[in-house]
Amino acid sequence: ATAYFFARDLYEELDVPVGIINSSYGGTAVEAWTSWDAQKDESQLKEAIFAPWEQAAATYDADTAKKRYEAALERFKQQAAAARAAGKTPPRAPRKPVEPRLDQNHPAALFNGMIAPLIPYAIRGAIWYQGERNSRSDEVGYLYRVQLPLLIEDWRSRWGQGEFPFAWVQLPNFDRSGEGWLLVRESMLLSLAVPHTGMAITTDIGDPKDIHPKNKQDVGHRLALWAVGTVYEREVPATSGPLPADHEQTGNTIALSFNHTNGGLKAKGKELQGFEVADAQGQWHPAQARIEGDRVLVSSPQVKAPTAARYNWAANPQGNLFNGAGLPASPFRTNVPQ
């Protein structure tokens, strides 16, 4: 649906036919969509990403897996019958056992099956809507800042069409425990350092209770704004929501400057909120924030000399910083670990 609305907006703006190749598989990891050659030597991925698959392959026994599945299936049938009798939603059925190297989430599995067959079909660019599975832990979420640039470089090199445009959807607002969700979001922001890339910020149009929010029209529209304005160089209200540019600490205040402030920074609906500052011990405190031109000044009466600031650092954030084009600011923090 996102791809359809993206293409529809392009067609309406460019007045030429727009073709979309949709290659998607729900609930899958970025390493599955990246070729093995592109990622196998990345040392940061060995322990958290590759080692569990190696362990699973070494210990997999087809007969044992089959017996375990059959037992789980019997339990499911009983639980499902009881749930239906009580007028409740039945549990999810157990998944049939799959040899680890044939699992859809195994590194390179989906690249081999769903991307490689498309190469080198002529394309103008790519849009990417993924990341949820890579938020499953803090460690894995942090590694997304390595993995997304790897995937982009991998696809570009294999197509041989230069640094073709590549844009993605930043994870939306969603109730999720842990920081994995936030770290994938941050990784997506940091990946904008890759040339000719863009990002649709969606922290205002998700669904806190649904990992698959139904509003895909706005998502496609925001991707299209970026493509029309940067790839096709047409005039648009904005190609992105506000992105952090720099910060400066003076006394008890941190001044945050932004790019993509088209039409000026705005607090949507009420007083500016969603900002925090850290004290010398690294403890975070809610901050008072006010807009001054293309900057936001943040401070807290509890912190005499703040060491860092952050915005919308929550899975389901309530911040309300927008630009004049009505696009939301990306979550961020000034103390990104190296």
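**View 1. T202 is buried, with a relative accessible area of 2%.** The model shown here and in the other views is predicted. T202 belongs to the loop that runs between β3 (197-200) and α8 (217-231). Residues up to four places away in sequence aside, T202 touches V169, Q170, L171, P172, N173, V219 and R222.

**View 2. Helix α1 covers residues 2-14.** Its 13 residues should span 18 Å at 1.5 Å a residue, and the end C-alpha atoms are 18 Å apart, which agrees. The buried residues in α1 are T2, A3, F5, F6, A7, D9, L10 and L14. β1 (126-128) and α8 are among the elements that cover them. Just after the helix, D15 takes a positive phi of about 60 degrees.

**View 3. Helix α4 takes in residues 62-85.** From the first C-alpha to the last, the 24 residues of α4 reach 34 Å, close to the 34 Å expected at 1.5 Å a residue. A65, Y69, A72, F76, A80 and A83 are the buried residues of this helix. An α-helix has 3.6 residues a turn, so residues three or four places apart point the same way.

**View 4. Strands β4 and β5 form a hairpin with 2 residues between the strands.** β4 (residues 243-250) pairs with β5 (residues 253-259) in the antiparallel sense, over 7 bridges.

**View 5. The largest nonpolar core has 48 residues.** Those with the most contacts inside this core are W128, W155, F166, F275, V296, V298 and L321. A second, separate core has 14 residues, including I205, L223, W226 and V228. In soluble globular proteins, nonpolar side chains tend to be buried together.

**View 6. V296 and its contacts are shown, leaving aside neighbours within four places in sequence.** V296 is in contact with I254, A255, L256, F258, L265 and L272, among others. Its contacts also include F275, A289, R290, I291 and L321.

**View 7. The aromatic pairs number 12, and F258 with F332 is shown in detail.** The ring centres of F258 and F332 are 5.7 Å apart and the planes stand at 80 degrees, so the pair is edge-to-face. F258 lies in strand β5 and F332 in strand β13 (residues 332-333), so the pair ties together parts that are 74 residues apart in sequence. Both F258 and F332 are buried. Elsewhere, ring pairs link W33, W128, W155, W159, F164, F166 and W168 into a cluster.

**View 8. Two arginines sit over aromatic rings, R310 over W284 and R124 over Y232.** The charged end of R310 is 4.2 Å from the centre of the W284 ring. R124 lies over the face of Y232, at 5.5 Å from the ring centre.

**View 9. Strands β8, β7, β11 and β13 form an open sheet in that order.** The pairing among these 4 strands is antiparallel. The edge strands are β8 (284-286) and β13, each of which pairs on one side only. Strand β7 (residues 275-278) is joined to β8 by 3 bridges, and the two run antiparallel. The bridge partner of E276 in β8 is P286. In a regular strand the side chains alternate between the two faces of the sheet.

**View 10. I119 and P120 are joined by a cis peptide bond.** The omega angle of this bond is about 5 degrees. P120 is found in the loop between α5 (109-115) and β1.

**View 11. E233 and N312 have a positive phi although neither is a glycine.** For E233, phi is about 55 degrees. E233 lies in the loop between α8 and β4 and counts as exposed, at 67% relative accessibility. For N312, phi is also about 55 degrees. N312 is found in the loop between β11 (308-311) and β12 (321-322). In contrast to the exposed E233, N312 is buried, with a relative accessible area of 5%.

Technical notes:
Residues are numbered from 1 along each chain as its sequence is written. This is a predicted model: local features need pLDDT of at least 70, side-chain atom pairs count only at pLDDT 80 or more; totals for chains, interfaces and linings use all residues. Side-chain values use heavy atoms; hydrogens and water are left out. Two strands pair if DSSP finds at least two bridges between them. A nonpolar core is a set of buried Ala, Val, Leu, Ile, Met, Phe, Trp, Tyr and Cys residues joined through side-chain atoms within 4.5 Å. Buried means under 20% relative accessible area, exposed over 50%, partly exposed in between (1.4 Å probe, protein chains only). Contact means heavy atoms within 4.5 Å. The expected span of a helix is 1.5 Å times one less than its number of residues. Rings of Phe, Tyr and Trp (its six-membered ring) pair if their centres lie within 6.5 Å; planes under 30 degrees apart count as stacked, over 60 as edge-to-face and the rest as tilted. A charge sits over a ring if NZ of Lys or CZ of Arg is within 6 Å of the ring centre and within 35 degrees of the ring normal.
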